[in-house]
Amino acid sequence: MKEKKVIQKYTSLYMSIGMCFGVSGGLIYGTLLFPDNMSLGMCMGIPIGMCIGMAIGAAKDKRLAENRMEISRIEAVPESTDVFLYVIDKNGTEKEYRVTAEKMKEEKFSVGDQVAEETKGSLVSLEGE
């Protein structure tokens, strides 16, 4: 397998989402606690939301890193635009995944790339982070 990189696919995404919720939560908190200056609540809400989002994203990234696999070959599906991706997991077992042409174009899968299985059974590329 290729050199193992630190995966941060979801950490920054969930950090951004947490900051957005932190702003709104902080404004509500600031309005209740400091009626004259609600920006004080926002100053507390942003870092709290950011930390919660980073924790959730890091947990998802850790799960992806544990389920890391490598693409061994790609074959076209007869009479379809879909393709079969054959991946080798950490135990050396080969698995087969059917991927649509749209997903193939979006993720840019190629032989030797590292991928991981999402909770819904679809593959996500770990290369273009």
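This is a predicted model: local features need pLDDT of at least 70, side-chain atom pairs count only at pLDDT 80 or more; totals for chains, interfaces and linings use all residues.
1. Strand 1, covering residues 68–76, runs antiparallel to strand 4, and three bridges join the two.

2. Now zoom out. That pairing belongs to an open sheet of five strands, ordered 3-2-1-4-5, with antiparallel pairing. At the edges you'll find strand 3 (94–99) and strand 5 (123–125); each has a single partner strand, so one side of each has no neighbour in the sheet. On average, neighbouring strands are turned by 45° against each other, direction ignored. If you're new to sheets, strands pair through backbone hydrogen bonds, either parallel or antiparallel.

3. Strand 4 (residues 114–117) pairs with strand 5 in the antiparallel sense, over three bridges. Ala116 faces Val124 across this pairing, and Glu117 has Leu123 of strand 5 as its bridge partner.

4. Strand 4 and strand 5 make a hairpin, with five residues between the strands. Which residue there takes a positive phi? Have a look at Gly121, whose phi is near 90°.

5. Finally, the cysteines. The structure holds zero disulfides. Cys43 is in none, and its nearest cysteine sulfur, on Cys51, is 15 Å away. Is Cys43 buried or exposed? Cys43 is exposed, at a relative accessible area of 54%, because anything over 50% counts as exposed.

Key
Residues are numbered from 1 along each chain as its sequence is written. Side-chain values use heavy atoms; hydrogens and water are left out. Two strands pair if DSSP finds at least two bridges between them. Helices (H or I, at least four residues) and strands (E, at least two) are DSSP runs, numbered from the N terminus. Axes are lines fitted to C-alpha atoms, for helices over the stretch in contact, and angles run from 0 to 180 degrees between N-to-C directions. A disulfide is a pair of cysteine sulfur atoms within 2.5 Å. Buried means under 20% relative accessible area, exposed over 50%, partly exposed in between (1.4 Å probe, protein chains only).
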